[in-house]
Amino acid sequence: LFVVVAPGQFKVISVPQVLANLTMIQQGLGVPHLDGVYWTLWIELLFYVMIGAFIKIGMTEGRIMAFAFLWPTIGAIAATANAEFIVSILNPTYAPFFAGGMVLFLIHKYGHSTLRWSLFAFNVCVGVQQCVKQLVSGSIPRNTGVDTSPTWGAIVVICIFTLVALVTVT
């Protein structure tokens, strides 16, 4: 990794930065990513930790439904309130995508219901709101220099949710 990625970037990379990037926790340690694709690792790790805790207390349909509602809701509220510690743990930008996937699992396993589809639709709406707020109006133009229309961002999020739902529950 160090040999392949670092020389192409033409920047000095310290041994601690290389070592931190060999884990999934470099973002949690405040260490820059050696490669842009590493941005997902911290988010995934936090999700795995949450699911591990969830498994420990016991997963039921009701608990999954409550979690799929509360996680993106509390995350969005924390982001609005600038509660940085809670935001760093709940990742409100991505929470509705994970939560929506959990709801699709419930639909796949237990069948269609108005409540399950309503919770899925809720996560789509929160996903659109968070994506437009954080990505389309924030990191995409900052990292690429390309201004993206919030409308197109919303359409893309809705299409992705729709495609995943079609593949998952049909």
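Tutor: We begin with burial: a residue is buried under 20% relative accessible area, exposed over 50%, and partly exposed in between, with a 1.4 Å probe and protein chains only. Please note that this is a predicted model, in which local features need pLDDT of at least 70 and side-chain atom pairs count only at pLDDT 80 or more, while totals for chains, interfaces and linings use all residues. Residues are numbered from 1 along each chain as its sequence is written, and side-chain values use heavy atoms, with hydrogens and water left out.

Student: Is Arg116 buried or exposed?

Tutor: Arg116 has a relative accessible area of 11%, so this residue is buried. For the protein chain as a whole, buried residues account for 39% of the 170 residues.

Student: How many helices and strands does the protein chain have?

Tutor: Helices (H or I, at least four residues) and strands (E, at least two) are DSSP runs, numbered from the N terminus. Here the protein chain has 8 helices and 0 strands, and its pattern along the sequence reads α-α-α-α-α-α-α-α. The C-alpha trace spans about 55 × 40 × 35 Å along its principal axes. Arg116 belongs to helix H7.

Student: With which residues is Arg116 in contact, leaving aside its neighbours within four places in sequence?

Tutor: Contact means heavy atoms within 4.5 Å. With those neighbours set aside, Arg116 is in contact with Glu61, Met65, Val103, Leu106, Ile107, Tyr110 and Gly111. In the protein chain, 54% of the contacts between residues at least 6 apart in sequence join residues at least 24 apart.

Student: Which side chain meets that of Arg116 in a salt bridge?

Tutor: A salt bridge requires a side-chain nitrogen of Lys or Arg within 4 Å of a carboxyl oxygen of Asp or Glu. The structure contains 1 salt bridge. In it, the side chain of Arg116 meets that of Glu61 at 2.6 Å, N to O. Glu61 is partly exposed, its relative accessible area being 25%.

Student: How many aromatic pairs does the structure hold?

Tutor: Rings of Phe, Tyr and Trp (its six-membered ring) pair if their centres lie within 6.5 Å; planes under 30 degrees apart count as stacked, over 60 as edge-to-face and the rest as tilted. The structure holds 11 such aromatic pairs. In one of them, the ring centres of Phe54 and Phe67 are 5.0 Å apart and the planes stand at 50°, so the pair is tilted. Because Phe54 lies in helix H3 (residues 39–57) and Phe67 in helix H4 (residues 61–80), the pair ties together parts 13 residues apart in sequence. Phe54 and Phe67 are both buried.

Student: Which residues do ring pairs link into a cluster?

Tutor: The cluster consists of Phe47, Tyr48, Phe54, Phe67, Trp71 and Phe98. Phe47, in helix H3, is buried at 16% relative accessibility.

Student: Which residues have the most contacts inside the largest nonpolar core?

Tutor: A nonpolar core is a set of buried Ala, Val, Leu, Ile, Met, Phe, Trp, Tyr and Cys residues joined through side-chain atoms within 4.5 Å. The largest has 28 residues, and Trp71, Met102 and Phe120 have the most contacts inside it. At least two residues of this core come from each of H3, H4, helix H6 (95–110), helix H7 (114–144) and helix H8 (150–169). H6 supplies the largest share, 7 residues. Beyond its neighbours within four places in sequence, Met102 is in contact with Phe47, Ile51, Phe54, Ile64, Phe67 and Trp71. Apart from this core lies another, of 5 residues, including Ile13, Leu34, Tyr38 and Leu41.

Student: How many disulfides does a search of the whole structure find?

Tutor: A disulfide is a pair of cysteine sulfur atoms within 2.5 Å. The search of the whole structure finds 0. For Cys131, the nearest cysteine sulfur is that of Cys159, 12 Å away, which is too far for a bond. Cys131 is buried, with a relative accessible area of 9%, whereas Cys159 is partly exposed at 41%.
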